[in-house]
Amino acid sequence: MSLLVKQTQAALREKIIEALGRAVANGELPCEPLPDFNIEKPANSANGDFSANTALAGAKAFKKAPKIIAECIVKNIDLKGTLFERVEVAGPGFLNFYLSRRYYTEILKDVAAKGDQYGKSDFGKGKRIVVEFVSANPTGPMHIGNARGGAIGDCLSSVLEYAGYEVHREFYVNDAGNQIEKFASSLEARYLQLFDGSVEMPEGAYLGPDITEHAKAFAQEHGDSYVHVPSEERRKALVDYALPKNIDGLERDLLQYRIKYDLWFRESTLHADGSVQKFINKLKDAGVTYEQDGALWFRASDFGNDKDIVLIRSNGLPTYIVPDIAYHYNKLVTRGFDRAVDVLGADHHGYVPRMKAALTALGIDASRLDCVIMQMVNLVRDGEAIKLSKRSGKAITLTTLLDEVPVDAARFFFNLREPDSHFDFDLDLAVRETSQNPVYYVQYAHARICSILKKAQAEGVIPRDVTDEELDRLDSDEETELIRHLSALTDEIIAAANSYNPAKITHYVIELATLFHKFYNAKRVMVEDESLMQARLFLCTAVKNTIRNILTMLKISAPESM
């Protein structure tokens, strides 16, 4: 929560304890230790700005009805010198406290003082978190699921940074294992087909046009020089040629999407440095493996998983889980991150307990691994789900999506829903310049305020420092509601960080834009009363800067005109 809210709650707690002390001194309550009590913001502002359950928590200790205790507190509390103007007893004994105008004035001053730092906190205490997201198969282009994962992972990383964590963004490149073998055989077949049309594609091969394009480009450079060499040599040459191009393409496409990673971690390094074999040996030494049907198994069922897991197949090759275990060990132990967060697709539900079981077996606290399971996304046009690009007739990838939809809209839309919910991405809405388009609606609020400030300047009105008394005049329902929402930003960022749900921030900023439009439609800013006009210009600036801070955090532009 913001420093102001913390200070206000702390001051209120002190006043409540002082009131109890007076009640005890007056003989109204017995002298007993007071159990801890909570001070919270009610969901409904009609129940006050802060609510305390002191009377309910102390009923057993004081051996009195909560309502009687609450009335004793109200009788003895002194709110002078605080930001509260009154307190009421509600229900069975809740204490509902109502803030004075000065509290709202302090909020606006806090927003202005913090500037582009408003919303940030030290909640995370600088703990180091590595967030791994997208990690698309490098054997082909990124699909729409990767596009959603990229927006969620990158915005979540920013939310964690604003909440006071040290965040490291990472892409795990699966450049080893079965998919690379399949990539190699697919490239080999397409290359040989250029010289012998009778060559057939192997079963399960990758059939995308990118495979053919790589084979043709390789042939243009090397001709038929690899037709008569051993298959192993040919496949290696083709992969060495095509894979770096694919990885470069992934990096280029993600930069267009405004995602820059701190590290592209290659799976192949775990094989090359012996990490994969090292963790097989570690699990063997821990006595949690056994052999069956020529394969090596991990007793994952001993660590909470529903079944055991194959580590080494009967053909002697490790399964994909082994390098993944080594990778997570590298993050949490070798590199010493306090926590690892993986953004995973909906098909990874079973992966999480398997990985946690392996970490536990290795003596690592599995709670240090958190996984965000992301559900499927459907692309919708004209009210119907689509799978193909209108222009190419091919499956829509990240790049073809960004050909149709602005990056601002893509990043915002993919964070409109909680990661674990299915999402229909409306392609028509994403490009519409109307208030129905949520990102346009928010950006328009920012541009509208910029226009108000420019107009004021054109009329010779220069925003000046305003007094507390002038800001106290912002007391209409619309102004109060807007300022109250401004005060909630830090808490919302912390809540989004705790729940790994950046959708909380898009919801927050949409509501902020809504409350601003509501205020603007109800109250004139450029009024004849200069004092009130300056106070409203101050409020407008606070809202503008807060919208800008949020959009900057989400890597979305904040236009000054639209």
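## One side of helix 4

Let's start with helix 4 (residues 66-76), where the buried residues are Ile69, Ala70, Cys72, Ile73 and Asn76. Because these residues cover an arc of only 155° around the axis, they sit on the same side of helix 4. The arc is taken from the directions that run from the helix axis to the C-beta atoms. Buried means under 20% relative accessible area (1.4 Å probe, protein chains only). Helices are DSSP runs of H or I with at least four residues, numbered from the N terminus.

This is a predicted model, where local features need pLDDT of at least 70 and side-chain atom pairs count only at pLDDT 80 or more, while totals for chains, interfaces and linings use all residues. Residues are numbered from 1 along each chain as its sequence is written, and side-chain values use heavy atoms, leaving out hydrogens and water.

## Cysteines on their own

Cys72 has a relative accessible area of 10%, so it's buried.

Cys450 is buried too, with a relative accessible area of 7%. Its sulfur is 11 Å from the closest cysteine sulfur, in Cys540, so that's too far for a bond.

## Where helices 7 and 8 cross

The axes (lines fitted to C-alpha atoms over the stretch in contact, with angles from 0 to 180 degrees between N-to-C directions) of helix 7 (residues 178-193) and helix 8 (residues 209-222) come within 8 Å and cross at roughly 60°.

At the contact (heavy atoms within 4.5 Å), residues including Phe183 and Tyr191 in helix 7 meet a set in helix 8 that includes Ile211 and Phe218.

How values were computed:
Buried means under 20% relative accessible area, exposed over 50%, partly exposed in between (1.4 Å probe, protein chains only). A disulfide is a pair of cysteine sulfur atoms within 2.5 Å. Helices (H or I, at least four residues) and strands (E, at least two) are DSSP runs, numbered from the N terminus.
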